[in-house]
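I opened this entry to keep a record of what I looked up in the structure, topic by topic.

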Amino acid sequence: MDISLQQVGYLYGKDTPFEKRALQAVDVTIHSGSYTAIIGHTGSGKSTLLMHLNGLLKPSEGVVQIGDAKISAGTKTKGLKAIRRHVGIVFQFPEHQLFEETVEKDIMFGPMNFGVSEEESRRRAHELIGLLGLPADVALKSPFDLSGGQMRRVAIAGVLAFKPSVLVLDEPTAGLDPRGRKEIMELFHQLHIEENLTTILVTHSMEDAARYADNVVVMHDGSSVMSGTPEEVFGNEEKLSSYRLGLPRSVKFQRDIEKMIGRALPGLALTEEQ
Ligand code: ADP
C-alpha cells in the first residue's frame, strides 16, 4: 500500500488564539515495501507527520492518500478506523499503554476488538511472542513483571497483532541500552524483509537511518526539505548541516578515507558500528 502526502499543511488549534503551524506544503511518498527514515530536529514536524500516516490527524490543507483512500480536511472520521488496521503505529514508549493483567490478553485486545475470534487472537498472540524473541512462558505473566525491553516487545506485538501492512515507528529505541537498541532495530529489519512490511522510522539516529532505510526524508521547520536514498541525503553534508543534522559516523569515517586516498569509494557500503 503506497502512502503519499500532497502539499499537506497542519495547524494545531486552528482558528483559536493558540493556532500553531506544524506542517507546511509537505510532499512525501512512501512506496509499498520500502523502508523510510524520517529525520529532523525536535519540533521539525516528524510526530505530526506520522499521525497523518494512518488518519489519526487529518490535514488542514492538502491531501493524504493511503492506498485508495484520500483524506483531506473535510473527510469524515468514520471511514478512518479501517485504515488504522493496515497502518500500525508504535508510539514512543509504547509500554506505557500496556494495561491487561496478562501479556497474552494485552496482545489479543486489539484483534478481538476488531472482531477476530478469541481462538485466532490467542494463536496470533503466541506466534508473536515467539516472533519477538520473548520466552513462551511470558504469555500468562503480568506485563508489569517483565523487564523494560520485554515490555516494549509486548507492546510492539500488540500493534503487529492487527497484521498491518505498514508499520510506523516513532523513536522505537528511546530509553533502551545500546544492546537493546540494536536488538529491536534488527528485529524491525527482519520483519521488514521477511514479512515484507513497509516500514517508516522516525529517528534521531543518523546511523539507523543510514543502515536500515532505503529512503530518507528530512524535515525542517514543518517542511520536507530533502528526500532520497541514504547515499543522496548523507552525500550532501553541506545541506544537511544547514538543518543542524550531521552525518552518521560510519559514513563520515568512509568519507575521511576517501579524502586520504584521493578518490571516491564505490557506494557507501556502511561499516559496522560499535
Ligand atoms: P517533532 O516530532 O519533529 O519533534 P512535532 O510534530 O512534535 O515535531 O512538532 C511540530 C511543531 O508543532 C512544534 O513547533 C511543536 O511545538 C508543535 N506542536 C506539536 N504538538 C502540538 C500540540 N498538541 N499543540 C500545539 N502545538 C504543537
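My notes below go from the ligand to the core and then to the sheet.

Before anything else I note that this is a predicted model.

Ligand shell. I looked up which residues lie around the ligand and found Tyr 12, Gly 13, Lys 20, Ala 22, Gly 40, Thr 42, Gly 43, Ser 44, Gly 45, Lys 46, Ser 47 and Thr 48. Two elements, β2 (20–30) and α1 (46–52), each give two or more residues to this shell, and the largest share, 3 residues, comes from α1. Sorting the shell by residue type, I get 8 polar, 2 charged and 2 nonpolar residues.

Core. I then turned to the largest nonpolar core, which has 65 residues and in which Val 168 and Ile 200 have the most contacts; helix α5 (residues 148–160) supplies the largest share of this core, 7 residues.

Sheet. I traced an open sheet of 6 strands in the order β6-β7-β8-β3-β9-β10, and its pairing is mixed. Its edge strands are β6 (87–90) and β10 (223–228), each of which pairs on one side only, and neighbouring strands are turned by 15° against each other on average, direction ignored.

Notes. Residues are numbered from 1 along each chain as its sequence is written. This is a predicted model: local features need pLDDT of at least 70, side-chain atom pairs count only at pLDDT 80 or more; totals for chains, interfaces and linings use all residues. A residue is near a molecule or strand if its C-beta atom, placed from the backbone, lies within 6 Å of it. Helices (H or I, at least four residues) and strands (E, at least two) are DSSP runs, numbered from the N terminus. Ala, Val, Leu, Ile, Met, Phe, Trp, Tyr, Cys and Pro count as nonpolar, Asp, Glu, Lys and Arg as charged, and the others, Gly among them, as polar. A nonpolar core is a set of buried Ala, Val, Leu, Ile, Met, Phe, Trp, Tyr and Cys residues joined through C-beta atoms within 7 Å. A residue is buried if 20 or more other C-beta atoms lie within 10 Å of its own, exposed if 12 or fewer, and partly exposed in between; C-beta atoms are placed from the backbone. Two strands pair if DSSP finds at least two bridges between them. Axes are lines fitted to C-alpha atoms, for helices over the stretch in contact, and angles run from 0 to 180 degrees between N-to-C directions.
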